[in-house]
Amino acid sequence: MSAKEIVQKFYKSDALIDSEVIKDFLHPEVIVEWNSSKGFVELNYDSLVNLSVELSKAYVRSKIRISHILSENDLISVRYSHFVKTIENPREEMLLAHFIVIWQIKDNKLFRGYQMSQLS
């Protein structure tokens with residue numbers, strides 16, 4: 001599977017709200033450097049799994065709409081919008097945020113991520 005296919009499969013899965021699924025995609029030494037509208041955070045394997053657990057407490061569905069995806073060797077750039085359905089209102093899909101991320105793939109897993117986001 002190519003690096004681009006790995007990233008596409010990750011975003012098509014429920015990994016962002018399913019901690020068991022996200023484990024299949026993460027390299028054990030994964031690091032994500034995330035610049036958000038709330039500031040900078042660095043996430044490792046455990047904190048990414050914990051984030052997935054926390055998201056699953058608030059959202060029953062997560063959907064990623066990719067607008068751009070570019071690949072060069074083991075680097076994949078993705079621009080996407082993240083939509084969710086809340087536990088309180090599972091019938092209404094709402095835009096959570098817009099993202100751009102550069103992923104580095106190692107051993108067919110997400111190894112390094114450089115991400116920026118803006119709330120909707």
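This is a predicted model: local features need pLDDT of at least 70, side-chain atom pairs count only at pLDDT 80 or more; totals for chains, interfaces and linings use all residues.
Four residues of α3 are buried: Leu48, Val49, Ser52 and Leu55. They lie on the same side of α3, because the arc they cover around the axis is only 120°. What do the buried residues of α3 pack against? Their partners are α2, β1, β2 and β3.

The strands belong to an open sheet of six, with mixed pairing and the order β2-β1-β6-β5-β4-β3. β2 (39-44) and β3 are the edge strands; each has a single partner strand, so one side of each is left without a neighbour in the sheet. On average, neighbouring strands of the sheet are turned by 20° against each other, direction ignored. Two helices pack on this sheet. α1 touches β3, β4, β5 and β6, and its direction makes about 150° with that of β5. α3 touches β1, β2, β3 and β4, with an angle of about 65° between its direction and that of β1.

At one end of the strand order, β3 pairs with β4. The two run antiparallel and are joined by twelve bridges. Along this pairing, Arg61 stands opposite Lys85 in β4, and Arg65 has Ser81 of β4 as its bridge partner. The hairpin that β3 and β4 form has two residues between the strands, and in this hairpin Asn73 takes a positive phi near 60°.

Most residues other than glycine have a negative phi. Asp107, which is found in the loop between β5 (93-106) and β6 (109-119), has a phi near 55°. Asn108 is placed in the loop between β5 and β6 as well, and its phi is about 60°.

The interior remains to be described. In soluble globular proteins, nonpolar side chains tend to be buried together. Here the largest nonpolar core has 27 residues, and those with the most contacts inside it are Val7, Phe10, Tyr11, Val78, Trp103 and Leu110. Two or more residues of this core come from each of α1 (3-12), α2 (19-25), β1 (26-36), α3 (45-58), β3 (59-72), β4 (75-86) and β5. Apart from this core lies another, of five residues, among them Ile17, Leu55, Tyr59 and Leu96. Leu55 is also one of the buried residues of α3.

Which residues does Leu110 contact, leaving aside its neighbours within four places in sequence? The contacts are Val7, Phe10, Phe25, Leu26, His27, Val30, Trp103, Gln104 and Ile105.

Notes: Residues are numbered from 1 along each chain as its sequence is written. Side-chain values use heavy atoms; hydrogens and water are left out. A nonpolar core is a set of buried Ala, Val, Leu, Ile, Met, Phe, Trp, Tyr and Cys residues joined through side-chain atoms within 4.5 Å. Buried means under 20% relative accessible area, exposed over 50%, partly exposed in between (1.4 Å probe, protein chains only). Contact means heavy atoms within 4.5 Å. Two strands pair if DSSP finds at least two bridges between them. Axes are lines fitted to C-alpha atoms, for helices over the stretch in contact, and angles run from 0 to 180 degrees between N-to-C directions. The arc is that of the directions from the helix axis to the C-beta atoms.
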